[in-house]
Amino acid sequence: MENMTFEELIKINCFSKEPSEQKQAAELLEQRYCCEIRCANMDESVRFAHHARGCTIVAAKLSKNVVIFQNVTIGSNMRYNKIKKEWENVGSPIIAENVIIADGAKVLGQITIGKNTVIGAGAIITKDIPENSVAYGINQYKAKDPDYDLVFNPDMISGEEIMRIDAERVAEFDKMQDHS
């Protein structure tokens, strides 16, 4: 397993029927990519941008075509009620089809994120979000504009093209600074 790619380790970690293989793959993912991914019900089409660096993913379900960027946390926000002597809010999120979860977002609790939704960078979500939404801030959301894809698209622009555009922008910025 030492020479396996991120994708190979994810496959073993999430889909192997052999517990010792799963454990070894999970340990390697944590060591190499600083990520912990524990999901009992994850579709094989789920993708992790940037090798899931810094992610902690403990979801009840990750559906088809979910994309998760770096430093995302998906998990529970349960609490122990000392008066009743019982746990409350037990459970992890269910993420529906075609959801994109951007950099640094936190999706916590016994909640459902509706299909075709984008969770914005840095968002903290602890309540259900309806389908076709853009979630942002703390439990805020609005309808998603159907004319735009946000954060990710299967016809993604190349990193080289982004770098070329940034170089042009920097050159223009530097030119403006020289004239100030």
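N81 is buried, at a relative accessible area of 17%; buried means under 20%, exposed over 50%, and partly exposed in between, with a 1.4 Å probe and protein chains only. N81 sits in strand β7, residues 79-81. Strands here are DSSP runs of E with at least two residues, helices are runs of H or I with at least four, and both are numbered from the N terminus. The side chain of N81 has a polar atom 2.9 Å from the backbone nitrogen of I83. That is a polar contact: a pair of N or O atoms within 3.5 Å, where, within protein, one must be able to donate a hydrogen and the other to accept it, and residues adjacent in sequence count only if both atoms are side-chain atoms. Neighbours within four places in sequence aside, N81 is in contact with E86 and E88. Contact means heavy atoms within 4.5 Å.

The model is predicted: local features need pLDDT of at least 70, side-chain atom pairs count only at pLDDT 80 or more, and totals for chains, interfaces and linings use all residues. Residues are numbered from 1 along each chain as its sequence is written, and side-chain values use heavy atoms, with hydrogens and water left out.

M78 is partly exposed, at 40% relative accessibility. Residues up to four places away in sequence are again not counted, and M78 touches W87, E88, N89 and V90. E88 is also in contact with N81. M78 and S63 are 15 residues apart in sequence, and their C-alpha atoms are 23 Å apart in space.

Now the whole chain. It has three helices and 16 strands. Its C-alpha atoms fill a box of roughly 70 × 45 × 30 Å along the principal axes. Of its 180 residues, 34% count as buried. Take the contacts with a separation of 6 or more: residues 24 or more positions apart account for 28% of them. The chain exposes about 11100 Å², and carbon and sulfur atoms supply 51% of that area. Accessible areas come from the Shrake-Rupley method with a 1.4 Å probe; for residues, only the protein chains shown count as cover.

Charge comes next. The chain has 21 positive and 27 negative charges, and their mean positions are 9 Å apart. Lys and Arg count as positive, Asp and Glu as negative; His and the chain ends are not counted. Each charge is placed at NZ of Lys, CZ of Arg, CG of Asp or CD of Glu.

Which residues touch the most other members of the largest nonpolar core? They are F48, L62, I68, I101 and I119, in a core of 36 residues. A nonpolar core is a set of buried Ala, Val, Leu, Ile, Met, Phe, Trp, Tyr and Cys residues joined through side-chain atoms within 4.5 Å. At least two residues of this core come from each of α1 (6-15), α2 (19-33), β1 (36-39) and β3 (56-59). α1 gives the most, with five residues. Apart from this core lies another, of five residues, among them A49, V67, F69 and V118.

Helix α1 has F6, L9, I10, I12, N13 and C14 buried. The buried residues of α1 pack against α2, β1 and β2 (47-48). Elsewhere, I101 touches V67, I68, F69, V72, I74, I95, V107 and I119, leaving out residues up to four places away in sequence.

Two asparagines have positive phi. N65 has phi near 60°, and N139 has phi of about 55°. N65 lies in the loop between β4 (61-62) and β5 (67-68), and counts as partly exposed at 34% relative accessibility. N139 is in the loop between β15 (133-136) and β16. N139 is buried, because its relative accessible area is 18%. Its side chain reaches the backbone nitrogen of T126 at 2.6 Å. Residues up to four places away in sequence excluded, N139 touches I124, I125, T126 and K127.

S158 is in the loop between β16 (140-143) and α3 (159-178). Is S158 buried or partly exposed? S158 is partly exposed, with a relative accessible area of 33%. A polar atom of its side chain lies 3.0 Å from the backbone nitrogen of E161. S158 and A96 are 62 residues apart in sequence and 27 Å apart in space, C-alpha to C-alpha.
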